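Reader: I would like to learn how to read the features of a model step by step, with the general idea stated before each case. Could we go through one together?

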Amino acid sequence: MSEGMSIAQPAGYVPVHASAFADGAAKAVTVSQTSPLPVAAAQAYAATSVPLAGTVSDSAAHVFGPFTPQLAREIWATLVGQGASGSAQLLRSTDGGATMAGLTAGGLAWAGWSFGSVTGSIVNEQVATESDAAATYYLAVTLSAGSLTYRIAQ
C-alpha cells in the first residue's frame, strides 16, 4: 500500500482489503511481493477417450458410435464435406445405446446440422461437456449427395 494515502473527513480511516492465504501453521499471510500467492500450474494432458471418426459417402441412414467421453472434458464435433448434402445429428444415450436422444440447449435442438452441396468445413465446435459416467454419444448421418468425414473427439 502506498504511503500518504488521503483520508477524507469525517471518517478518519481508510478500510484496506488484502488477499491472504494460510501458511503451514494455518496462520493468515497477506499476499505481497515477499509472500506471493502460492499457485500450482496445471499441466495439460491429452484425453484418454478414443475418437469416433470415419467417412460416409452413401445415401443410407447411419448411426455411428458409441463414443465414450472422458468426464469433465469438452466434446468436439468436426464435419467436413466433399460436395455433401444431407444432415447429421449428435445423439446421447445413458443406457448403452438402447435409447438415444438429440442434444438440446435451453429446450431447443442443439448439435444437429443440415447442409447442401458443401465442400469444406461444415462444423468444428464444442458441442458438450459430460459429467455422467453412463453417457455415450452417437452420430446419425444421412446424405443425399457427396461424402462426409466426421470426428467426435476430446
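Author: A nonpolar core is a set of buried Ala, Val, Leu, Ile, Met, Phe, Trp, Tyr and Cys residues joined through side-chain atoms within 4.5 Å, where buried means under 20% relative accessible area, exposed over 50%, and partly exposed in between (1.4 Å probe, protein chains only). In this predicted model, the largest such core has 24 residues, and those with the most contacts inside it are L79, L90, W113, L139 and V141. As to the conventions, residues are numbered from 1 along each chain as its sequence is written, and side-chain values use heavy atoms, with hydrogens and water left out. Local features need pLDDT of at least 70 and side-chain atom pairs count only at pLDDT 80 or more, whereas totals for chains, interfaces and linings use all residues.

Reader: Which elements give two or more residues to this core, and which of them provides the largest share?

Author: Elements here are DSSP runs numbered from the N terminus, with helices (H or I) of at least four residues and strands (E) of at least two. Those that give two or more residues to the core are β3, β4 (61–67), β5, β9 and β10, and the largest share, seven residues, comes from β10.

Reader: With what is L139 in contact, leaving aside its neighbours within four places in sequence?

Author: Contact means heavy atoms within 4.5 Å. On that rule, and with those neighbours left aside, L139 touches L52, H62, V63, F64, L79, A88, Q89, L90, W113 and Y150.

Reader: How should I read strand pairing, and how many bridges join β5 to β10?

Author: Two strands pair if DSSP finds at least two bridges between them. For β5 and β10, which run antiparallel, the count is 16 bridges, and R92 stands opposite Y137 of β10. Strand β10 also pairs in the antiparallel sense with β4 over five bridges, where V63 has A140 as its bridge partner, and five bridges join β10 to β3, again antiparallel, with G54 set against Y150.

Reader: What is the general idea behind a salt bridge, and how many does the model hold?

Author: Side chains of opposite charge can pair when their charged atoms come close. The rule applied here asks for a side-chain nitrogen of Lys or Arg within 4 Å of a carboxyl oxygen of Asp or Glu, and the count comes to two salt bridges. In one of them the side chains of R92 and E130 meet at 2.9 Å, N to O. R92 lies in strand β5 (residues 74–93) and E130 in the loop between β9 (112–129) and β10 (136–153), so this pair ties together parts that are 38 residues apart in sequence.

Reader: Which residue forms the salt bridge with R92 at 3.9 Å?

Author: That residue is D132, the closest N and O atoms being 3.9 Å apart. The pair links distant parts of the chain, with D132 in the loop between β9 and β10 and R92 in strand β5, 40 residues apart. R92, E130 and D132 are thus linked in a network of salt bridges, in which E130 is buried at 4% relative accessibility, while R92 at 29% and D132 at 31% count as partly exposed.

Reader: What should I note about the backbone, for instance at the peptide bond from G65 to P66?

Author: That bond is cis, with omega near 10°, and P66 belongs to strand β4. Two further places concern phi: A26 has a positive value of about 65° although it is not a glycine, and S117 has a positive phi near 50°, likewise in a residue other than glycine. A26 is in the loop between β1 (20–22) and β2 and is exposed at 64% relative accessibility, whereas S117 is in strand β9 and is exposed at 59%.
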